[in-house]
Structures are given as C-alpha cells and as structure tokens.
Amino acid sequence: MTRTLPESLQDVEPYGLWTMNRRFLPMAYRVSQSESKGSHFGGGKVRHDGARCAGCDHILTLLWDLDLTDNTLPRYARRAFEPATRIPLYVCWNCAASTYCVVSDQQIECFSFDEYSECLGKDESPFVDAPSELDSWFLGFERVPTTIDAVLSLSNVIGLTVLDSAARGQINEFYGQEMDDVWDLPFSQLGGEPMFYQRRRDRVCPNLKCPASKLTPPYGVDDFYGNFLMKELALIHWKDTPILEEHCFQMLYYVCAICASIRGEYRCS
Ligand SMILES: [Zn+2]
Ligand SMILES: [Zn+2]
C-alpha cells in the first residue's frame, strides 16, 4: 500500500534515514553519569502537570531530562517537541511503562496503555519500593564512532561471535576490555540503534489522535517497517542509573515520527 508522506515529515532533513529505519537520531551517543556540569540530567523532580500513570494513577518518575536546545541534536529533533525545550523520559514504577506526549515544559499528557504497552502486573514490578523522585545527576554524552556504531548494529543482527577478528578488535578497543558476551554490550544510549535485551519490536503511536496509532496488521506490513513505525529514541540501562543499579533493567523509549509522542517499555535480562 502506498501512502502519502505526512506534511510533518516533508521537510525532515535526513528523510532517507526515516524510511525503513528504526533510528530517531542517525547518530548514537553513549550516555553515562558525568562529573562535569551540563544541561542534561538523570533523575530530578517531577515538574510536569499530568505526570501520573494513566494505568494506575501512580506518580511518574523522571529518569532522564534531556536538553533540546543542545545544538548537537538535529534541528528536526528539536522541532518535533516544540514548544517544549526538554524531553523528559518518565516511567511508572508500578507498570514499568509509560505512554505520553510532551505538551510543554510544564505539562505532559499521558495516554491509556494499549496492547503494545506490556505493562507489568501489580505484583510483578521489582520497582515498587523505588523512590518516585530520584536525586538528580549530570548526564554526559560520548558520540559513538560511526565504525563502532556500524559494527555493533551488525552484531545486533548477526551476533557478536560471527563478526571477524578486525571487528571484534574494534569492539574490544571501544569497551577497553575483551567482549565475549553479547549481554555485556548494552549501555545507556541516545539515538542510533540501542542494544537491548529481548528482541526488537514494532510499536505504533500510543496517541489515538495520531494517524500512526491506527496501524495494525494486516493493515500493511510495509507500513510497520516504514514511516509510521515508532523510532527508537533512547535506552536507559541499569548500570548507568544510580540507585537502581541492583535491578537488571532496561527502559527503551520510542518516539512517534508523526506527533513525537513517547512510549517507554521495560526490558529485563
Ligand atoms: Zn502505572
Ligand atoms: Zn503519533
């Protein structure tokens, strides 16, 4: 089925990257706790009205608070969230999930969970005792070299052990140690194609007012892999999250290519 490109995407700069691709940002950044002050934060106070889970009414917890005025982010990424100047990545500890759109720097709108949400049940969440507000820390960004990004993305598809010795050597050099286990590869990441536990999934927008929310198989498999698929925005990995280090969790965040709504889902090892 052929579809007309939505107006909102017509002037997107790297249009080629938006088709048949899961990346919201073409480049990948490794994100970790930083000693130097900056404008991107981990944790912090909940400062958006509406930051309550639509599934259980629990107050959401802010995991990352990203500064969109940072010029290292492409213009379309900054424009996608206007008038907001920051991207808050929230989670509900009870459900280990979240679905919302960032209305402004003061307000988010949470959407009801849907069949794609995979929320944890009442007694399943390992985080019920986690604080709803985390003391904030600075986030540092390290651009993942293109060659490493390419090799890691390939390892996502064919596996680490199939890579040749030159590629394995590059990976070892990047991590600063011998990497033999694919489970050790993931790190917190913004953009690119994060490495996460469990398989990749196709997600549609959680915002029922958005045309991208209407897609369901067998409506068009091509659509799922095309423009309307939610793009992978960020992965928050447990090792880089103070206070939560004892939990082997990953939170994967997607963003809708049409309306910039966010979907967060839990991945565990
Ligand atoms: Zn909840
Ligand atoms: Zn949408």
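Student: How are the donor residues of the zinc ion (ligand 2) spaced in sequence?

Tutor: The spacing is C-x4-C-x45-C-x2-C. Keep in mind that this is a predicted model.

Student: Which atoms coordinate that zinc ion (ligand 2)?

Tutor: The SG atoms of C205, C210, C256 and C259, at 2.3 Å. C205 sits in the loop between β8 (189–191) and α6 (221–224), and C256 in the loop between β10 (249–255) and β11 (262–268), so this pair ties together parts that are 51 residues apart in sequence.

Student: Are C205 and C256 buried or exposed?

Tutor: Both are buried. For C205 the relative accessible area is 1%.

Student: What is the geometry at the zinc ion (ligand 2)?

Tutor: Tetrahedral, with angles of 99 to 116 degrees among the four donor atoms. For reference, the ideal angle for four tetrahedral donors is 109.5 degrees.

Student: Now the other one. What coordinates the zinc ion (ligand 1)?

Tutor: C53, C56, C92 and C95 coordinate the zinc ion (ligand 1), each through SG, at 2.3 to 2.4 Å. In sequence these donors are spaced C-x2-C-x35-C-x2-C.

Student: Why is the arrangement around the zinc ion (ligand 1) called tetrahedral?

Tutor: Because its four donor atoms subtend angles of 96 to 114 degrees, and the tetrahedral class requires all angles to lie between 85 and 135 degrees.

Student: And C92 and C95, buried or exposed?

Tutor: C92 is buried at a relative accessible area of 0%. C95 is buried too, at 8%.

Student: What about C119, how far is its sulfur from the closest cysteine sulfur?

Tutor: The distance is 5.0 Å, to the sulfur of C95, and that is too far for a bond. A disulfide would need the two sulfur atoms within 2.5 Å. C119 counts as partly exposed, at 31% relative accessibility.

Student: Change of topic. Where is H48?

Tutor: H48 is in the loop between β2 (41–44) and β3 (61–67). H48 is buried, with a relative accessible area of 5%.

Student: What does the side chain of H48 make a polar contact with?

Tutor: The side chain of Y90, at 2.8 Å. The H48 side chain also reaches the backbone oxygen of D105, at 3.3 Å.

Student: Which residues does H48 touch?

Tutor: Leaving out residues up to four places away in sequence, H48 touches P88, Y90, S104, D105, Q106, Q107 and I108.

Technical notes:
Residues numbered from 1 in each chain as written. Chains lettered and ligands numbered in written order. Predicted model: local features only at pLDDT ≥ 70, side-chain atom pairs only at ≥ 80, totals over all residues. Heavy atoms only, no water. Donors = N, O, S within 2.8 Å, 3.2 Å for Na, K, Ca; no water. Tetrahedral: all angles 85-135°; square planar, octahedral: opposite > 155°, others 65-115°. Buried < 20%, exposed > 50% of the residue type's maximum accessible area, 1.4 Å probe, protein only. Helix = DSSP H or I, 4+ residues; strand = E, 2+ residues; numbered from the N terminus. Polar contact = N/O pair within 3.5 Å; in protein donor to acceptor, adjacent residues only side chain to side chain. Contact = heavy atoms within 4.5 Å.
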